[in-house]
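Subject: Structure handover and findings

Dear colleague,

Please find below the structure that I am handing over to you.

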Amino acid sequence: MPVALVVLGGLVGGMDVAMNANAVAVERRMRRAVMSSCHAWWSLGGLIGARLSHVVTGWGRFQGDWWSGFAVWQGGLGVPGGILLGTLVTLAVHQVAGVQ
């Protein structure tokens, strides 16, 4: 378990560096400060994607009570969905900013 946590920490740190580098490229292209809004959108996309991943992979727990799928405070976030939607939000930011 400790090795897995070290690997996860390294990957999350690498992803954070990549997101910051991306935000700097977007700021240069747009010629205004957008770092904080980039972090906000990536975080929101990651949270929504992680919850959707959890709900989709454990659909049986939510049948009959679909509102509980929104209950993030009860736990359950799927990392793959968070990475996927966070990446899609990043691509959308690139499109809006015109960054290649």
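This is a predicted model: local features need pLDDT of at least 70, side-chain atom pairs count only at pLDDT 80 or more; totals for chains, interfaces and linings use all residues.

The core. The largest nonpolar core consists of eight residues: Ala 23, Val 26, Val 34, Cys 38, Trp 42, Val 89, Val 93 and Ala 97. Two or more of its residues come from each of α1 (2-30), α2 (35-57) and α3 (79-97). Helix α3 provides the largest share of this core, with three residues. As general background, nonpolar side chains in soluble globular proteins tend to be buried together.

Helix α2 and Trp 42. Helix α2 is made up of 23 residues. From its first C-alpha to its last, α2 reaches 33 Å, close to the 33 Å expected at 1.5 Å a residue. Its buried residues are Cys 38, Trp 42, Gly 45, Gly 46, Gly 49, Ala 50, Arg 51, Ser 53, His 54 and Val 55, and they pack against α1 and α3. Trp 42, which also belongs to the largest nonpolar core, is in contact with Met 19, Asn 22, Ala 23, Gly 86, Val 89 and Thr 90, when its neighbours within four places in sequence are left aside.

The largest pocket. This pocket has a volume of about 530 Å³. It is lined by 21 residues, and those nearest its centre are Met 15, Met 19, Gly 46, Gly 82 and Ile 83. Helices α1, α2 and α3 each give two or more residues to the lining, with α1 contributing the largest share, seven residues. By type, the lining has twelve nonpolar and nine polar residues, and no charged ones.

The second largest pocket. Here the volume is about 220 Å³. The lining is formed by Leu 44, Leu 47, Ile 48, Arg 51, Leu 52, Val 55, Trp 59, Trp 66, Gly 69, Phe 70 and Val 72. Nine of these residues are nonpolar, one is polar and one is charged.

With kind regards

Note on methods: Residues are numbered from 1 along each chain as its sequence is written. Side-chain values use heavy atoms; hydrogens and water are left out. A nonpolar core is a set of buried Ala, Val, Leu, Ile, Met, Phe, Trp, Tyr and Cys residues joined through side-chain atoms within 4.5 Å. Buried means under 20% relative accessible area, exposed over 50%, partly exposed in between (1.4 Å probe, protein chains only). Helices (H or I, at least four residues) and strands (E, at least two) are DSSP runs, numbered from the N terminus. Contact means heavy atoms within 4.5 Å. The expected span of a helix is 1.5 Å times one less than its number of residues. On a 1 Å grid over the protein atoms alone, a cavity is a set of points where a 1.4 Å probe fits but cannot get out, and a pocket is an open set with protein on both sides within 12 Å along at least five of seven lines; lining residues have an atom within 4 Å of a point. Grid points are joined across faces, edges and corners, and a volume is the space filled by probe spheres set on the points. Ala, Val, Leu, Ile, Met, Phe, Trp, Tyr, Cys and Pro count as nonpolar, Asp, Glu, Lys and Arg as charged, and the others, Gly among them, as polar.
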